[in-house]
Each structure stands twice: as C-alpha cells, then as structure tokens.
Amino acid sequence: MENETTNQEARLHFVDYWRVIKSRWVLELIVFLVMMLVVALVTFFQTNLYTSTTRIKVEPERPTVAVFEREVYPTYDPFFLQTQYEIIQSKKILYPVIERLDLEKKWGVPARELAYKQLSGALQVGRDRDTSLIKISVTDPDPTQAAQIANTIADVFGRDRLDVRRNETLKGIDKLREEAADQLDQLHKAQAKVEQLRKELNVPVFGTVKLSDLDLQQRAQELTQARADAVARQSKLEALKKLPPQQLRNTIATLINDPNVQTLLQNLTDSELRLEVLKQDYGPDHPKVLAEQATLDKLREQMNARLQGILQGLDIESRAAQDRVKDLQKQLDEAKAQSMVMESDKYLPFRNAQDAEEQERRLYEELNERIHKESIELEVPRSPVEVIDRAEPALFPSYPRRSLNLALGAAAGLVLGVALAFFIEFLDTSVKRIEDVERYLDLPVLGVVPQNMTLIAGGAATPVQVEAYRVLRANVEFSKPDPSINSLCVFSAGPGEGKSLTVANLACVYAQHGGRVLVVDCDLRRPTQHRLFGVTKDDGVADYLAGGRPVAELIVPTAVPNVSVLPAGSAAASGPAVPLLSSQRMADLIQTLKQQFDVVLYDAPPALGVSDAAVLAHQLEHAILVVQHRRYPRQMTRRARQIIEQSGAKLIGVVINNVAVNQADTYFYYQHQYEDYLRGPRVPTLSTGQPAARNDAIKLPERY
C-alpha cells in the first residue's frame, strides 16, 4: 500500500512538471525563437574559418642507420611529446615561419610580436589518440594560407631539430679534437722517456712488452675458467655415457636445444603410443602392427645415430677444452718467467715509464675513437621529424559550425525556456489547480469557469460555458447546509477576479429553472451589475438604506426572464458604505428579499482592502468565494477566507474563474468531457429521413 502511494505521488510529481511546461508554452516558444534567432544571426554573420592539419611523427634524436651497435639511445620519456608541443608553439619556431611567409604584411600587423600572438591563437597542437603522431592545425579565413602555414611550421620544426643536433655535435667534435691534440703531445713525451730509459738501462727486447700484474692475473683467471669448463664438459660426457638409451635420449633432449632432436623424440614417442594402441586392437602379426613396428625401429635407429653424433661432438669439445687448458698453462708459465726478469729493481724506472705511456696512449685512442664515431654519425642521415600527412586547403569551413551552433542554440533555448517557466512558476503563488484550493483553503470547488466568458444571456456563450455555470448552480445547491437557504453573498479577495460576471451568469442559470432570481449589487463603491444587465443605477440599494424610496420601487426587471436587479443606487458614492451595510435596514432588506424571491444573489465588494464584504457576509451568513485562476497569491485568497469566516459567515465553496482550460491539464479534462457529452451521440434517422425525437434534449432559449 505504501509503495502504491509513493508511485502515485511520483506520477503526480511528473504531471506537475508537464503541467508547468504546457501551461507556459508561449513563454518557452518565445525564448526558444529568440535564442535561435540570436544564434542564427551570430553564426551566419561570423567569418568563415578553415582549418588545415599536418600530421608529423617525432621521435628522440637518432640516426636512420645504426652505425655502432653498442650505441645506447634514450628510452621512453613521458614528457617528450609534451615538450615538443611547447617547442612547436615557441617563438623559436613561429618567428621563422612569420618571416618566411611574411605574415606581418599579410595580416596587417605592425610588429612581429603581434603576428606571433595571432598565429599562436590560430595554432593548435595535439596528438592522435593512442599514437605518438603530433597534429599541427592552423585556422585561417584563407584555406590555402592555413595549409601553407601548417606545412611551414612542420618544415621549420624539423629543420630546427636537425640544426640543433648538428651544431651541438660540431661543437663537441671541435672540443674533442683540441683535447686529442694535447693528449698526442703527452703521448709523444711518454714514448720518448720510455725509449731513453730503455737505452740507459739496456732493457732486453722482450722487456719492451709490458707485463703487468693485471695481465698475469687475467691469464690466471682465463686458465682457471678453462680448467673448470674442461672438467664440466668431461663430467657431463661421462655421465651421459653411463645412462641407458631411453634415459639418454630424454636427457639430451633437455640439455641440448636442437629442433631436430626435439622433433625426432616427439615422433618416436608418438610411434610408441600408436604401436601400443594397435597391439590392443590387433594381433602381433597384423600388417598395421608390423608396419608401425618397422617405423618405430627406423626412428630408434635415427635417434640412436643422432645420440651417438651428439656424444661424439661432446667428446670433441671436451678434448678441445683440455687442449686449451694446456695452451693457457704454457702461456702463463712464459709470462711469469718474463715478469720475473722485469720485476727486478734495476728495471723499475722503465716499468713506470711504460705504465705512464700506456695510460697516455689509452686516453689518446679513446679520444680519437670518440671523434671518429661522432664524425661518422654526423654524416649519417637522420629523421627526427617525419611528415605523415601534409596539410591541404580545406574544402569546407570548420568555423562557425552552423549545424552544431543551431543545435546547441535550440537545446539552450529549450532549456532556458523551460527553466524560465519553472522559475516564474516558482515565483507564482497564485491558485493554479483545484488541488491548490482544497489544500490551501480547505474548501470545496463548486465550479470551474473557462476564459473569455461573457454574459450567457447575450447569446455569445458557447454550450461549454453555459454548462460550466449549470455545474456551478448544481454544486451550490448540493453544498448548501440547508435547502431553504436562498440568499448567497458572492465575493472575491481582490478586484478584477470576475465575481460580478459570475453572479450575473449564475442568476441566469437559476432563472432557466423557473425560479425568480434577484441580483443585488452591494458593491457600493464600484457597482457593475447595472452595466451587465443594461439597466440604470440611479436608484438602488444605497438609496433604500439611506431611508429613501421603498425597495419594491427600486427593483428593476431585466431582459432575461425571471431575473431582476437591485442596483447599487446613485447615493453609493455619497458616503461610507459600511454604516449602510451594517444597519438594521440592511438586515430588514435581506429578510424582505428572501421572502419575495426564490434566489437572491448579492454581489459583494472585494474582501481585502475594505470591510464591506465582511459586514455583508455577516448579515447573510452564507457566501461563495470567487478566485481568478493565476491572478493573486494564495496567501491573499487565504486571508480573504479568514476575514469572511471571522465575520461569522459560512463559506459554501470556491469558484475558480477565468481558467485556460486548453493549457491546464486538470481543467482540460472537464472541458473535454463537457464537449463530448454536449455533442452527444449521433441522432438516429427514421425511414422517412427525418431525425428521431429525443426525449432527453434540453432546449434553451435562443438568446442563451
């Protein structure tokens, strides 16, 4: 049950939103059209701009051909592309573009700085998603110039990267050459000293070959590694020879990464499995079994031959390793003998000179090698910037985007119109629905009167308008606490809410039912009934209450059958109205008229601002409140109700007047039902072609 109530409230809440949108559709349409007009004018008067894009591929600096394999180039840099974006948009790149294309003159700017700012505003640099391709986009009123600028920027940027790298490399090579020249002088001095000491100390020939402790240590290490390698190879070979054939082939397949062995082993395993399957299905002498056995034997022969070849190869490698151990041992022994001779104190100055010479030589060779490498790499072609797509003149303008602008303008117009409608609706606290009356006034709604209402006795009213007052009259009769009550006071909270017209039309409807109806115009300040019924107001209520003529002489019959009017009188503006309405003569008048007429309707002044309505309601004890749809705030109507109830009168109900039934969903339902009912079913025809008589047809006077 609770969920059902919640769902109902949600539906009502949505209906409320739709009601607001529908009720203020004129405002929303105006805002929408104004927004569309503004957007259309701004869009179509804007200058067409064309965008051309060049796509380039930028990578860290490296030669197109790897000259030295050991060269290590920079790894991934997350800030590399972002740095290139900034370089492309810098003055270093854009100033040459401006000078090359003479953009200062073309754009008519007096300074290069202004041309740079204009070009920066027209330039967009980004990248394609999930790629390292950089997009250089230029927007300009001239499509050819936009493409030319984009291509020139790419060319200048590529040339700049090459020039920067080349200039830096040339400066580095020049510096290295200076250092190499100095190092060559040091090497020559070291060589001269070595030669001098050799002659002075009479160094033997083999002593000219430098044998340092490091050389001996390296040769000892090589010998140790060779011995370990020879022992490992011999041990592995002996271990493999001891293995049975089945285990040997599995072990060799694991140790040696030979595709032929792997394939042969796999074929052998598959053949063994197939043979076992065939033996289960056939006898040992079956042709398939014999064929598979022959295949298996052949594979085993091949495998064994392959294994023998591998073992022989391992044996050869083991012997070669042992021979290398012997050779290294011999070289080490000779080096030690030579070193012992040179280790004597006599040759110590010579050895020191040799060390110094070796160091100088090594430095000189490293410098020469570095110069040689850099010189070669400098001449190798490089591709720091690769143009993927060159810019071409655009065929269609990119700005303004007319379709997009109009679509956004339409969306903005709709949103703004709806928002403005809801804002005005939020500020509007007037009565909008029947539920508002029931919620804020706690009074029943007796009738709903549509817009453009006129006096129904004039013949201009539609059947729907007439029916609205018939419904009002029926609800008034049903809502009266006592059927004998025939005097009612009709008032409103403020002026202009249509209470006087409501009184006049309600009187006409009562008169249709044969009752004698009297309309008493008690709005002594601003009387209206005499104009509605076309009678004079010279004598009336004010004259009677002032002690003038008798009431019978003041009642004026109207052109509407059974409807009479007691005007306000010529003395209405001669003095205060409250003393007259609260006098005993007024009470006597009410009683007299109640006895003479079947229905007496009193047109009271507005309840707020003056106390006439409260005084009159106190005299009559029963009243009807007329509320104009969407006119005054609800607080004003609530205050009017409090004033009348404080006077002691009882409010029978409320009449909602001047309702735009075509815009308000709540009231449109009633109008639709009225029209559908009044239209009635199709009248059947007789065989003669004449329409059949309807007993339920109500024939109104022609003027109604």
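**Backbone and surface notes**

Mentor: Asp102 is a place to start: it sits in the loop between helix H4 (91-101) and helix H5 (103-107). Keep in mind that this is a predicted model.

Trainee: What is the phi of Asp102?

Mentor: Near 55 degrees, which is a positive value in a residue other than glycine.

Trainee: Where is Asn562, and what about its phi?

Mentor: Asn562 lies in the loop between strand E8 (556-557) and strand E9 (563-566). Its phi is positive, about 70 degrees, although Asn562 is not a glycine. With a relative accessible area of 37%, Asn562 is partly exposed.

Trainee: Switching to omega. Which residues does the cis peptide bond join?

Mentor: Tyr399 and Pro400, with omega about -5 degrees. Pro400 belongs to the loop between strand E4 (385-389) and helix H13 (402-427).

Trainee: Okay, surface now. Which residues form the negative patch?

Mentor: Asp174, Glu178, Glu179, Asp182 and Asp185 form that negative surface patch.

Trainee: Take Glu179. Where is it placed?

Mentor: In helix H7, which covers residues 143-201.

Trainee: Why can Glu179 qualify on accessibility?

Mentor: Glu179 has a relative accessible area of 36%, so it is partly exposed, and patch residues need over 30%.

Notes: Residues numbered from 1 in each chain as written. Predicted model: local features only at pLDDT ≥ 70, side-chain atom pairs only at ≥ 80, totals over all residues. Heavy atoms only, no water. Patch = residues over 30% accessible without salt bridge, like charges linked within 9 Å, V, L, I, M, F, W, Y side chains within 5 Å. Areas by Shrake-Rupley, 256 points an atom, 1.4 Å probe, with all protein chains shown as cover. Salt bridge = Lys/Arg side-chain N within 4 Å of Asp/Glu carboxyl O. Lys, Arg positive; Asp, Glu negative; His and termini not counted. Charge placed at Lys NZ, Arg CZ, Asp CG, Glu CD. Helix = DSSP H or I, 4+ residues; strand = E, 2+ residues; numbered from the N terminus. Buried < 20%, exposed > 50% of the residue type's maximum accessible area, 1.4 Å probe, protein only.
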